[in-house]
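I opened my notebook for a friendly look around this one. Here is what I looked up, entry by entry.

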Amino acid sequence: MGTQRVDTLIIGAGMSGLAAGIRLAQFAEGPGTVAILERHALPGGLNSYYKRRGRRLDTGLHALTNFAERGTRGAPLTRMLRQLRIGWEELRLAPQGHSQICFPDLTLRFSNDFALLEQEVARAFPSQVDAFRTLAARIAEMPLEPVLENDPGARAVLTDIFTEPLLIEALMLPACYYGSARVNDMYWGSFAILFRSLFLEGFALPEGGIKPLLDILVKRFEEAGGELRMNCGVASINVEGGRVQGVVLDNGDTIQCERILSSAGWVETARLADFPERAADDAGQLAFTETLLVLDRPAHTFGLDAAVTFYNLDDCFDWSPPTAAVGTRSGVLCSPDNYTWPAGAAERAPDSGLVRATALANHSAWSSMEEQRYATQKIHWAELVLDAASTFVPDPRPFELWRDSFTPNTITRYTGHDHGAIYGSPDKRPDGRTGVEGLYLCGTDQGLLGIVGALLSGITMANAHVLAAPSHS
Ligand SMILES: Cc1cc2nc3c(=O)[nH]c(=O)nc-3n(C[C@H](O)[C@H](O)[C@H](O)COP(=O)(O)OP(=O)(O)OC[C@H]3O[C@@H](n4cnc5c(N)ncnc54)[C@H](O)[C@@H]3O)c2cc1C
């Protein structure tokens, strides 16, 4: 690494770590100011990419939520881009056509125009539409940062507002799938952030998937003088007298520092710093399995035309770890084919067909499986998930060329998150503090959600704990 003393170390080159790094590098006063340490060979963490059969696949990209048109004032996307000095047009965003929420006797379509969802609610729940408008107006006024203190829980708030239980389930389904670490509920503050990012703003995809966005972030960081060290895991964090001193790397080297921003997660960071007892009960339990089907044609050509379909096989939505290896009663099916791609974009090519099927998974069932059974179980459960999804949308399997699946084990292996918990710990820490001076969290466990949320989290934590710190003013 050249220098073995760095002012600020960032653990993890996922979205939040890269954003924090860019922010700090922009204000750096020479070399040795900021370094990102990433255990893996590729950046992106939960939202990275890999290659199979010559095709690049995104690991986690369903949709970039929080879509906003160029220059939309006050929007999280605008704010994030401004702070990172990235031009809106650099992302080459394609907006969704529409998405949908499906229950046995209910379909609610929504798009990047909130009026569509409002009309759908008015059609399906005429007695609830005024309350729905009031809810949307209330959420639009709420802060963009997570406020989770004395949080009543989303279900309690929605039950006060609506008298139709099915509408509550229909709103909880997408919100939980895109951001709840809490079993059968979520923070009201998180629900509001999700409602804004899914329904008031909407979905887009960056042309070419997640890699071009990661390339921009890495380039910005390195051009500003930051040091990115890949294949460089942090084995432990040294704390003395309640203050951070530095880290020990997987290879045994040590680096001294003033402070650390960790995107490894709350429980994982507590373990690195050797105070696991403080986070003992906080490990997340909600994990996913996902199957990617590569098709011989775009999904919309056989009638699968929604960008994202959230579905539930019953009238009640159960957001808890399944007792079996996979929960097939609900899930998400999405396809990058259903975005409005500019002429000439790669996703328009005739062989562009891709569908992802996501469902809840039981991490301990997968982590205790021996190798051969693991392989056969992946095939078995993928079929059941696709059977369930095909209750609501045309079955993509007749057009399948090949497929790939991942489980909670894969997520743990590539991101280090305990239990493969996508949304981390249910105990969020909005101020990023850990109880150790100089050690702060950024990313998922700070409470901001998704790609734009994680990027904003990195920015906010860098601003609050480094740039606004007395030594910087
Ligand atoms: C299947 C799936 C689908 C998703 N779909 C979407 C979507 O469509 N839209 C959306 O907005 N969001 C989506 N998300 C969520 C989104 O990916 C995350 O919210 C966001 O990327 C989290 O970023 P982060 O920086 O907080 O954490 P991470 O991405 O987890 O980054 C943490 C990084 O730290 C590294 N690390 C951990 N421990 C160490 C260590 N000891 N030493 C060095 N490095 C370490 C990890 O390798 C990792 O790179 C999805 C996630 C998954 C898994």
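This is a predicted model: local features need pLDDT of at least 70, side-chain atom pairs count only at pLDDT 80 or more; totals for chains, interfaces and linings use all residues.

**Entry 1: helices α2 and α13**

I then checked the hand, and α2 passes α13 in a left-handed crossing.

Which residues meet here? From α2 I wrote down Pro76, Leu77, Arg79, Met80, Gln83 and Leu84. On the α13 side I found Val452, Leu455, Leu456, Ile459 and Asn463. Sorted by type, the residues of this contact are eight nonpolar, two polar and one charged.

**Entry 2: helices α1 and α13**

Next I turned to α1 (residues 15-26), which packs with α13 at an angle of about 40°. The two axes are 7 Å apart. This pair is therefore oblique as well, α1 to α13. The crossing of α1 with α13 is right-handed.

I listed the contact residues too. α1 brings Met15, Ser16, Ala19, Ala20, Arg23 and Leu24. α13 answers with Ile451, Ala454, Leu455, Gly458, Ile459, Ala462, Asn463, Val466 and Leu467. By type I get eleven nonpolar, three polar and one charged for α1 with α13.

I looked up how the protein chain is divided. Domain 1 takes 5-61 + 210-282 + 426-472, and domain 2 takes 99-205 + 284-415. Taken over C-alpha atoms, their centres are separated by 28 Å. The contact draws 21 residues from domain 1 and 28 residues from domain 2.

How much area do domain 1 and domain 2 bury between them? I noted about 2,000 Å², with 62% of it on carbon and sulfur atoms. On the domain 1 side, Arg55, Pro426 and Leu449 lose the most area to domain 2. Together these three make up 28% of what that side buries.

Arg85 is not a glycine, yet has a positive phi of about 55°. I found Arg85 in the loop between α2 and β5 (93-95). Asn150, also not a glycine, has a positive phi of about 50°. Asn150 sits in the loop between α4 (129-140) and α5 (154-161).

Terms used
Residues are numbered from 1 along each chain as its sequence is written. Side-chain values use heavy atoms; hydrogens and water are left out. A crossing is left-handed if the near helix is turned anticlockwise from the far one by less than a right angle, and right-handed if clockwise. Helices (H or I, at least four residues) and strands (E, at least two) are DSSP runs, numbered from the N terminus. Contact means heavy atoms within 4.5 Å. Ala, Val, Leu, Ile, Met, Phe, Trp, Tyr, Cys and Pro count as nonpolar, Asp, Glu, Lys and Arg as charged, and the others, Gly among them, as polar. Domain bounds come from an automatic or database domain assignment. Buried area is the accessible area (1.4 Å probe) that two parts lose on being put together, summed over both. Axes are lines fitted to C-alpha atoms, for helices over the stretch in contact, and angles run from 0 to 180 degrees between N-to-C directions. Angles under 35 degrees count as roughly parallel, over 145 as roughly antiparallel, 65 to 115 as roughly perpendicular and the rest as oblique.
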